[in-house]
Amino acid sequence: MTRRRTPRTSVIRLTTGRTARTLLHPYGHREPMLALDFGATCVLVTTAGPVTAEDLTFARQLAHEATRYARSVERSLLALDGTREATARGRAA
């Protein structure tokens, strides 16, 4: 990915939880759409028109970063579970 030329002016933080989900709408007659649904807020990711090679590059980058995010969340959960188990063992002793 190339370096951003313009500075960010705002950031939107959407947190996951019980109501967060992702949905793929693979329309056969038009461009696919990825929905990131956070309950009251929904983010739709799609192309600007007919699918291009750049769209495919972005989709692959998105998939790669989503995989990295999932692995990071998994590591954090496993570390937290290990801390909880150690704390529970300490209380039982």
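View 1. A pocket here is an open set of points on a 1 Å grid where a 1.4 Å probe fits, with protein on both sides within 12 Å along at least five of seven lines; lining residues have an atom within 4 Å of a point. Volume is the space filled by probe spheres set on the points. This is a predicted model, where local features need pLDDT of at least 70 and side-chain atom pairs count only at pLDDT 80 or more, while totals for linings use all residues. Numbering starts from 1 along each chain, and side-chain values use heavy atoms, leaving out hydrogens and water.

**View 2. The largest pocket.** About 860 Å³ of space sits here. Its lining counts 27 residues, with Leu 34, Leu 36, Val 45, Leu 62 and Ala 66 nearest the centre. Helix α1 gives the most, eleven residues.

**View 3. Asp 37 with Arg 21.** These two form a salt bridge, with the closest N and O atoms 3.4 Å apart (the cut-off is a Lys or Arg side-chain nitrogen within 4 Å of an Asp or Glu carboxyl oxygen). The pair joins strand β2 to strand β1, 16 residues apart. Asp 37 is buried at 15% relative accessibility, while Arg 21 is partly exposed at 47% (buried is under 20%, exposed over 50%, partly exposed in between, with a 1.4 Å probe and protein chains only).

**View 4. Glu 65 with Arg 68.** Here the salt bridge is 3.0 Å, N to O.

Note on methods:
Helix = DSSP H or I, 4+ residues; strand = E, 2+ residues; numbered from the N terminus.
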